[in-house]
Amino acid sequence: MSDKLFFRGTLILTFTGLASRIMGFFYRIFLSHTIGAQGVGIYQLTLPVHGIILAAAGMGIQAAISRLCASFTALEKEKESRNTLLLGMFLSGAVSLLLSAGVYLNADFIAGELLKEARTVSLLRILSFSFPLSALHSCVNSFYYARKKTGLPAFIQLLEQTSRIGSTYMIYLVLLSGGKEITPMIAAGGALFSEIAATAACFLALGVDFSRENYHPLSGLWRQPRNPGSVLSSLKEIGEIAVPHSANRLLLTVLSGIEMVLIPQQLLLAGMTQTDALAVYGIFTGMALPLILFPATITNSASVMLMPSVARMDALGDQKQIRHVTDQTFFLCMFLGFLCGSGFFLFGPFLGTLLFHSQTAGTYIRYLSFSCPFLYTNTMLASILQGLGRPGRCLIHSAAGILIRIFSVVFMIPAIGIRGYFYGIFLGELLLSLLHVKALKFPYRQAGDNRL
């Protein structure tokens, strides 16, 4: 990937991400004023379920689409690239449909036994319809990332966020005009409508693209007399990449989900009421944390473009350039983290009161500010490790960081409250940075080494 394409793609994704996050902040402010901190907390409880479904049904297949389509595009095999996309979409859609049906039919069990909050039942049933749509349009985004075309994914991201905010507000107005209670259902309904809009736009874009290239999906996918086993071969290629990647992502998502679900329960052991525990959880996950992660838009966008660039350098054996890129990435991200962390520490209470009308949110922002340098740096270092073909090492590092946070949830929150979890976040991100730096400083370069 050329520097020009890298920076152009990064700029497009960065500006799109910033715009999306700005809209997201106003959206969260709106939710905090309409359904309250407790309502935000109830809705946030359902997000781990969404993450687990997508990790199982989509993330591995999306990685396979991105990698295989990039290879086919480089070899000017456009037909094979599109065939791979369609097969990936079929697999991802089928798996997500099965899992969505499981969530819908077992919503009572999931809400009562796993999430420990009966009021999430209706939210889970609404969101279950969005899971297949999310998986499908994520596959399409991966296809265009592989072709170094970030314009469509950027547009879809903005469309999705705009649809979420607009539809949530419309549902709110309808309920308000009817004199009905405003509940977290408006957020779930907005999420569903946003996925419908994003998926429709993706299918429209694909239709135009396929028509322009004179590609007919059914004939392109099945009528290949010279190689009748090509479909099975493509399925095998996708599976070889998707299965281990999905297993890694699923494990991390399950661990993160356990962490999020445990927080309100452990707050109860710290002496809080159910209402207060959900309010604290909502302030942390729906207000303070998104603000802290706002500058990460830059690092997240750059990491999407950095991974294939590092993979190319690794294939060429340019270790000197990889080391240069790694050093530059580390110091720039650390600088960004210290700069933003200092700002959040100094102005956290002011921002919490101004944006969310919550002094508690301001206190949480100040606590989280200490983790900023490591939060922003870890995203980029993990991308470099992925580009070097070491997803297993990333999994081990990330699991270690999450386990430290889970330890803080289980043992420190009951003792000293939510403050104990902030200590766990800081220690987990610090350990993750140290492990990433060690792995990149002493890479495995021996012949035959699979480089975990």
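What you have here is a predicted model, in which local features need pLDDT of at least 70, side-chain atom pairs count only at pLDDT 80 or more, and totals for chains, interfaces and linings use all residues. Residues are numbered from 1 along each chain as its sequence is written, and side-chain values use heavy atoms, with hydrogens and water left out.

**Confidence**

Let's begin with pLDDT, the predictor's confidence in each residue, from 0 to 100. The protein chain has an average of 84, and 90% of the residues score at least 70. Residues 222–226 stay under 50, and the model has four contacts for them beyond four places in sequence; a contact here means heavy atoms within 4.5 Å. Residues 444–451 are also below 50 in pLDDT, and that stretch has 12 contacts beyond near neighbours in sequence.

**Helix α2**

Helices (H or I, at least four residues) and strands (E, at least two) are DSSP runs, numbered from the N terminus. Buried means under 20% relative accessible area, exposed over 50%, and partly exposed in between, with a 1.4 Å probe and protein chains only. Helix α2 spans residues 36–45 and is mostly covered, with eight of its 10 residues buried. Among the buried ones are Val 40, Ile 42, Tyr 43 and Leu 45.

**Aromatic pairs**

Rings of Phe, Tyr and Trp (its six-membered ring) pair if their centres lie within 6.5 Å; planes under 30 degrees apart count as stacked, over 60 as edge-to-face and the rest as tilted. The whole structure holds 13 aromatic pairs. Two of them are set side by side here:

| Pair | Centre to centre | Angle between planes | Type |
|---|---|---|---|
| Tyr 104 and Phe 129 | 5.7 Å | 70° | edge-to-face |
| Phe 330 and Phe 331 | 5.4 Å | 80° | edge-to-face |

Tyr 104 counts as partly exposed because its relative accessibility is 36%, whereas Phe 129, at 51%, counts as exposed. In the other pair, Phe 330 is partly exposed at 24%, and Phe 331 is exposed at 57%.

Elsewhere, ring pairs join Phe 284, Tyr 364, Tyr 367, Tyr 421 and Phe 422 into a cluster.

**Charges over rings**

A charge sits over a ring if NZ of Lys or CZ of Arg is within 6 Å of the ring centre and within 35 degrees of the ring normal. Tyr 104 returns here, with Arg 125 over its face at 5.6 Å from the ring centre. Arg 366 places its charged end over the ring of Phe 345, 4.7 Å from the centre.
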